[in-house]
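Open the model in your viewer and keep the selection tool at hand. Each stop below says what to select and what is there.

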Amino acid sequence: MQTNETLNEVITIISKFAERREAVERVDASTRILDDLGVSSLNFIDVVLEFEEKFNVSISDEQLKGISTIGDAVNAIATAQGR
Amino acid sequence: MTRWALVIGASSGMGRATALKLAADGYDILGIHLDRRAAMPRVDALREEIEQMGRRILLFNSNIALGANRKAVLDHIRDAVPMSEGISVLVHSVAFGVTKPLVGPGSASEEDLTVTCSVMGHDLVHWVRGLLERNLFESPGRILAMTSEGDRRAWPSYGPVAAAKCILEAHTRQLAVELASRKITVNCILAGVTDTPALRVIPGHDELAAAALRRNPHGRLTTPQDVANVVSLLCDSRSAWITGSVVSCDGGESVAG
């Protein structure tokens with residue numbers, strides 16, 4: 001899967017959990033998942049579980065700690081895919 | 001008679017040891033956990049170990065911090081447990097909280113405090129109610145929840161969890177009184193500092209463990225097996241008069257000078 005496709009899938013997954021719908025329309029790589037999109041800390045683990053399922057990857061604890069923005073998520077998935 | 005034990009937090013630490021001990025005691029196990037892919041081999045190993053004992057085990061990988069998920073799991077459990085059987089033990093061993101200071105840089109947000117108190121405190125009540133509403137809880141029964149010495153000591157960054165533990169203990173007392181007529185005992189187990197994955201996310205956990213080791217009169221830390229043994233003890237029929245209590249399981253660590 002190319003980076004743009006990954007980005008679009010990441011946004012689709014995160015959108016399901018985003019409280020700030022208007023912010024979803026304007027996302028880019030620097031958009032913060034919790035602070036800007038209003039994904040609750042309770043839901044964040046579900047976001048990561050969906051990443052693992054959708055992209056067939058295993059995201060490590062270290063990678064998890066580094067995911068703050070949409071761009072971080074895309075990079076973590078790419079790393080987990082060995083790209 | 002078939003007995004089921006529901007262990008929330010079954011895949012690691014005290015919950016895992018408890019699931020294994022209760023299976024060895026003859027319980028079939030309902031286990032709830034929240035694990036990413038990397039941890040699934042350990043979850044599979046737990047399942048195999050319990051099945052090799054000749055016991056049934058049903059595992060639910062779900063973020064039960066969310067009410068909708070909790071209700072869905074309860075409904076799955078209701079559908080999975082035969083009508084003639086029920087749950088006689090509930091063990092609440094959940095570590096899903098925030099460890100941050102209460103003031104200053106990097107301090108816990110309002111949401112951090114609310115979520116931690118909800119998932120590690122009030123959650124016990126939600127599960128008890130959910131089981132009772134579905135007529136799943138047997139009589140006599142046992143409810144055990146895990147607390148810590150953080151309920152009375154101000155460990156660094158432990159504030160949100162400390163509050164949750166106090167909530168858990170208060171609910172334990174209240175539930176003990178309200179469920180007495182059903183012969184369901186409700187107790188907290190206060191384990192000494194125990195080396196588990198949950199401990200290792202606490203900032204300064206190395207020093208916490210080192211200080212506990214210096215205090216502990218047995219010269220070692222509490223293990224998940226120690227905790228599981230006390231769960232087993234408190235599930236024995238002879239423990240029926242122990243309820244509403246916080247039972248220490250720490251080798252004397254909390255009273256040592």
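Start with P140(B), which sits in strand β5 (residues 137–147) of chain B. Helices and strands here are DSSP runs numbered from the N terminus, a helix (H or I) having at least four residues and a strand (E) at least two. Before moving on, note that this is a predicted model, in which local features need pLDDT of at least 70, side-chain atom pairs count only at pLDDT 80 or more, and totals for chains, interfaces and linings use all residues. Residues are numbered from 1 along each chain as its sequence is written, while chains are lettered from A and ligands numbered from 1 in the order in which they are written.

A cis peptide bond links S139(B) to P140(B), with omega at about 0°. Most peptide bonds are trans, and most residues other than glycine have a negative phi.

Next, select N135(B). It lies in the loop between α4 and β5 of chain B. Its phi is positive, about 50°, although N135(B) is not a glycine. Is N135(B) buried or exposed? N135(B) is exposed, with 10 other C-beta atoms within 10 Å. The cut-offs: buried means 20 or more other C-beta atoms within 10 Å of the residue's own, exposed means 12 or fewer, and partly exposed is in between, with C-beta atoms placed from the backbone.

Go on to S157(B), in the loop between β5 and α5 (159–178) of chain B. S157(B) is not a glycine either, yet has a positive phi of about 65°. S157(B) counts as buried, with 20 C-beta neighbours inside 10 Å.

Select H126(B), in helix α4 of chain B. H126(B) counts as partly exposed, with 16 C-beta neighbours inside 10 Å. Now draw a distance to R70(B). The two C-alpha atoms are 8.6 Å apart, although H126(B) and R70(B) are 56 residues apart in sequence.

Show the largest nonpolar core, which has 75 residues. Such a core is a set of buried Ala, Val, Leu, Ile, Met, Phe, Trp, Tyr and Cys residues joined through C-beta atoms within 7 Å. I29(B), I87(B), I189(B) and V231(B) have the most contacts inside this core. Which helix gives the core its largest share? Helix α4 (residues 110–133) of chain B does, with eight residues.

Zoom in on V231(B). Leaving aside neighbours within four places in sequence, V231(B) is in contact with T18(B), K21(B), L22(B), V91(B), L144(B) and I189(B). Contact means that C-beta atoms, placed from the backbone, lie within 7 Å. Another core lies apart from this one; it has 17 residues, including V10(A), L37(A), F51(A) and I67(A). In soluble globular proteins, nonpolar side chains tend to be buried together.

Select strand β2 (residues 28–33) of chain B. Five of its six residues are buried, so this strand is largely enclosed by the rest of the structure. To see one bridge, pick L6(B), whose partner in β2(B) is L30(B).

**Chain B as a whole**

Zoom out. Chain B has eight helices and seven strands. Its radius of gyration is 18 Å, close to the 18 Å from the globule rule for 257 residues, so chain B is as compact as a globular protein of that length. The radius is taken over C-alpha atoms, and the rule is 2.2 Å times the number of residues to the power 0.38. Of the 257 residues in chain B, 49% are buried.

**Across to chain A**

Select the interface. Nine residues of chain B are in contact with eleven residues of chain A. The chain B side has five nonpolar, one polar and three charged residues. Here Ala, Val, Leu, Ile, Met, Phe, Trp, Tyr, Cys and Pro count as nonpolar, Asp, Glu, Lys and Arg as charged, and the others, Gly among them, as polar.

Finish on chain A, with five helices and zero strands. Buried residues make up 27% of its 83 residues. The mean is 90. Confidence is lowest in helix α2 (residues 21–24) of chain A, at a mean of 87, and highest in helix α5 (residues 70–80) of chain A, at 93.

Key
Contact = placed C-beta atoms within 7 Å. pLDDT = per-residue confidence, 0-100. Pairing = 2+ DSSP bridges.
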